[in-house]
Amino acid sequence: MTSHHLGRTVFGNPANKGNLMPLEEAHALLNEWVPNEKLRLHMKQVAAVMKAWALEKEGADEKTALKWELAGLLHDADWEKNPDEHCRVIIEELERRNLDPEIIHCIASHGPRYFGVEPENNMDKMIYMFDELSGLIHAYSLMRPGGYAGMDVKGVKKRLKEKSFAANVSREDIQDAAARIDTSLEEIIGFIIKHQQAVQ
Ligand SMILES: [Fe+2]
């Protein structure tokens, strides 16, 4: 991904706090903006992992879990059609739709090196942690005869060390994201394997 700094660090309107969109609306937006099925699957997988993390690890209520899920679902929504302006386009769209500023900030900070926005709260930090790793784990599932069946943390860590495997996955970003949280990389990998495999 090339660098396209957003040039600002404040997003959305504080008055919109708590404004979520129904999942159906987010899926409709995704279908419209992202014709590429593989890319849509990536966003659905990150969304499932984000939702599960909120519920299991953050003690989130249903509404907060939906917030995490929406951030995952929409984080790359403009990438296919506007690669040079990712993620400015989706951010401005969500601001127009008066979405909760936390979701918009989360999306804006999912690649600090590229967008120039630092992850602040746990939701920001976890989407950054999950994004690249989720892609690598899915790529690994596609090359394994059994897919996700029998996949373990050790195998994923091996692929992670193999720079030529899923070479577009930034190992640097994964290390940087892991350094910002208290959970071990092993636990994160196990959590992703468990929660994204059912997503089709
Ligand atoms: Fe992504």
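Me: Is the crossing of H7 and H10 left-handed or right-handed?
Reply: Right-handed. Bear in mind that this is a predicted model.

Me: OK, and at roughly what angle do the axes of those helices cross?
Reply: Roughly 65°, with the axes of H7 (residues 122-143) and H10 (residues 185-196) coming within 10 Å.

Me: Which residues make the contact?
Reply: From H7 you have Met 129, Phe 130, Leu 133, Ser 134, Ile 137 and His 138. H10 brings Ile 188, Ile 189, Ile 192, Ile 193 and Gln 196.

Me: How many of those are nonpolar, polar or charged?
Reply: There are 8 nonpolar and 3 polar residues in the contact of H7 with H10, and no charged ones.

Me: Switching to the largest nonpolar core: which residues touch the most other members?
Reply: Met 50, Ala 71 and Ile 107, out of 50 residues in that core. The largest share of the core comes from H7, with 10 residues.

Me: What is Ile 107 in contact with, leaving aside its neighbours within four places in sequence?
Reply: Ala 71, Leu 74, His 75, Cys 87, Ile 90 and Ile 91.

Me: Where does Cys 87 lie?
Reply: In the loop between H3 and H4. A cis peptide bond joins His 86 to Cys 87, with omega at about 0°.

Me: On to H4, then. Which of its residues are buried?
Reply: Ile 90, Ile 91 and Leu 94, in a helix that covers residues 88-96. They sit on the same side of H4, because they cover an arc of only 100° around the axis.

Me: Why would residues a few places apart point the same way?
Reply: An α-helix has 3.6 residues a turn, so residues three or four places apart point the same way.

Me: What do the buried residues of H4 pack against?
Reply: Two helices, H3 (62-74) and H5 (101-108).

Me: What about just after H4?
Reply: Asn 98 is there, with a positive phi of about 55°, in the loop between H4 and H5. Asn 98 counts as partly exposed because it has 13 C-beta neighbours inside 10 Å.

Me: Last one: is Ala 28 buried or exposed?
Reply: Exposed, because Ala 28 has 12 C-beta neighbours inside 10 Å. Ala 28 lies in helix H1 (residues 23-33).

Note on methods: Residues numbered from 1 in each chain as written. Predicted model: local features only at pLDDT ≥ 70, side-chain atom pairs only at ≥ 80, totals over all residues. Buried ≥ 20, exposed ≤ 12 C-beta atoms within 10 Å, placed from the backbone. Helix = DSSP H or I, 4+ residues; strand = E, 2+ residues; numbered from the N terminus. Arc of directions from axis to C-beta. Contact = placed C-beta atoms within 7 Å. Axes fitted to C-alpha atoms, helices over the stretch in contact; angles between N-to-C directions. Left-handed = near helix turned anticlockwise from the far one by under 90°. Nonpolar A, V, L, I, M, F, W, Y, C, P; charged D, E, K, R; others polar. Core = buried A, V, L, I, M, F, W, Y, C linked by C-beta atoms within 7 Å.
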